[in-house]
Amino acid sequence: MTSAAQDSLRPYTLIAELTYRCPLRCAYCSNPVQLKQLGPEMDTEQWASAFVQAEALGVMQVNLTGGEPLVRDDLEALVAAARARDLYTNLITSGIPLERERLERLRDAGLDSVQLSIQDVDPDAAARIAGQDAMAAKTRVATWVRELQLPLTINVVLHRENVSRVNAFIALAERWQADRLELAHVQYLGWGLLNREQLLPTADMIADARTTIANAQVRLRSRMEILAVLPDYYADRPRACMDGWARRYMVIAPDGRVLPCHAAHTLPGLSFESVAERALGDIWHHSEAFNRFRGEDWMPAPCRTCEQRTVDFGGCRCQAFQLTGDAGATDPTCSLAPAHDLIVKARESAISGAAPINAGASPIAIRNPRLRRPPTIG
Amino acid sequence: MNAIDGSAIPRLERGVRLRVDKVNNKHLLLRPEQGFELRGSALAIVRLCDGQRSVNDIVAELSVAFREAPVTTIADDVRALVHTLVARRLMVLAEAAS
């Protein structure tokens, strides 16, 4: 293989979903809707082996996420295993449950950075979206992260109820002296799609948020980086989901299944193999699932001849499937997509319905972390 | 050319780490979810930005290592790179102890 070819087929980032267990139950959770169909979580040695194999493939960063990774008793050992391979190790956490001593142990094990999620600055709204208001605990965690000299990223998932509070999120991140603030809109897949009617903002709300963010980016340029991902429902072209299918990222689910993205398990006709059963490099290079939407051969019209195909890679396969039933369709968020009408209609219903979460006609679907039950709607 | 003082002491921002990409042997500065490739003289410069040496120290040291290059060129390169990395928040400056 030429080095260019090798380079084009190498992952940079491993998203390690260590567990689906979580004390929160956010209405836009990226975990599977059918939690009970999963196998047991991989143990410490299996994850350590996965890190070794990932690094050999070219991975340089590992995101330790979940669920809530802190519920794993062996998180310190997993951080150490990742750092033993010189992987840049990000902990992506709600900060619950965490004590200062444990964060110190994680740092000493080699943790490189902490990404702390904030559901809302309004306590009632946070409780509605996540099942509890954890701001006091999160404030403590942010303070410890600073004291322990770890870089701090604040992650916020934006949706209709909190998007008008972008300014307050920015002020909070400033107050906490965060290095980065990531304002990423809900993706309407899985739980997010189930709750879309209550989560999708209007175009006006998005325009306001865009202006506020742009001003803050200029004002805070030398102090804090602000990354913003606004909803693809209000863009003309789809987002470059995962930088292209099986191109730069790989996800390993708690039970060891290797996926090109968090939601790929929802796609029909694809079977995802476990790193506990097959070498990671084999899965990455040779598995049918990883090759299914690689490159351009799979692309339908209009993607196939579109000059944007090397920029957006045809958008999100999971979104295409969940909205149209065809995983090989052009992502409907593209204004050139045959099914774009679905997006236009969703935008229109966002304008007409202004009900806050939980107060509308269709109650929000939530995951139940203790019972691990699929959601009940209505 | 830019406002980087010769007495300033550059070091990588916390959470920024230099690492080799084994696939293509490139050198990258890593921070959460991002990587920045160091090309040409940038690697040699960044390796000396250890929070101990001043910009002037770094220029002097590189002038010994790269005798064929004019000192003014080296000084310009160091200041330009430090300026760029500080602007991208990959590097921070400490003032020299007086």
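This is a predicted model: local features need pLDDT of at least 70, side-chain atom pairs count only at pLDDT 80 or more; totals for chains, interfaces and linings use all residues.
S8(A) pairs with strand S1 of chain A (residues 13-17) in parallel, through four bridges. Ile252(A) has Val258(A) as its bridge partner in S9(A). S8(A) and S9(A) make up a hairpin, with five residues between the two strands. In that turn, Gly256(A) has a positive phi of about 100°.

## A helix pair in chain A

Next, have a look at helices H2 (residues 44-57) and H3 (residues 75-84) of chain A, whose axes lie 9 Å apart. They pack at an angle of about 20°, and H2(A) and H3(A) are therefore roughly parallel to each other. The crossing of H2(A) past H3(A) is right-handed.

On the H2(A) side, the residues that meet H3(A) are Thr44(A), Trp47(A), Ala48(A) and Phe51(A). H3(A) answers with Ala77(A), Leu78(A), Ala81(A) and Ala82(A). Sorted by class, this contact has seven nonpolar residues, one polar residue and no charged ones.

## The sheet of chain B

Turning to chain B, you will find an open sheet of three strands in the order S2-S3-S4, with antiparallel pairing. Its edge strands are S2(B) (17-21) and S4(B) (34-38), each of which pairs on one side only. On average, neighbouring strands of this sheet are turned by 35° against each other, direction ignored.

Strand S3 of chain B covers residues 26-31 and is joined to S4(B) by five bridges, the two strands running antiparallel. Within this pairing, Leu28(B) has Glu37(B) in S4(B) as its bridge partner.

## Where the chains meet

Finally, the contact between the chains takes in 20 residues from chain A and 13 residues from chain B. On the chain A side, the elements giving two or more residues are helix H1 (3-8), strand S3 (88-93) and strand S4 (113-118). H1(A) gives the most, with three residues. By class, the side of chain A that touches chain B has four nonpolar, nine polar and seven charged residues.

How values were computed. Residues are numbered from 1 along each chain as its sequence is written. Chains are lettered from A and ligands numbered from 1 in the order in which they are written. Two strands pair if DSSP finds at least two bridges between them. Axes are lines fitted to C-alpha atoms, for helices over the stretch in contact, and angles run from 0 to 180 degrees between N-to-C directions. Two residues are in contact if their C-beta atoms, placed from the backbone, lie within 7 Å. Ala, Val, Leu, Ile, Met, Phe, Trp, Tyr, Cys and Pro count as nonpolar, Asp, Glu, Lys and Arg as charged, and the others, Gly among them, as polar. Angles under 35 degrees count as roughly parallel, over 145 as roughly antiparallel, 65 to 115 as roughly perpendicular and the rest as oblique. A crossing is left-handed if the near helix is turned anticlockwise from the far one by less than a right angle, and right-handed if clockwise.
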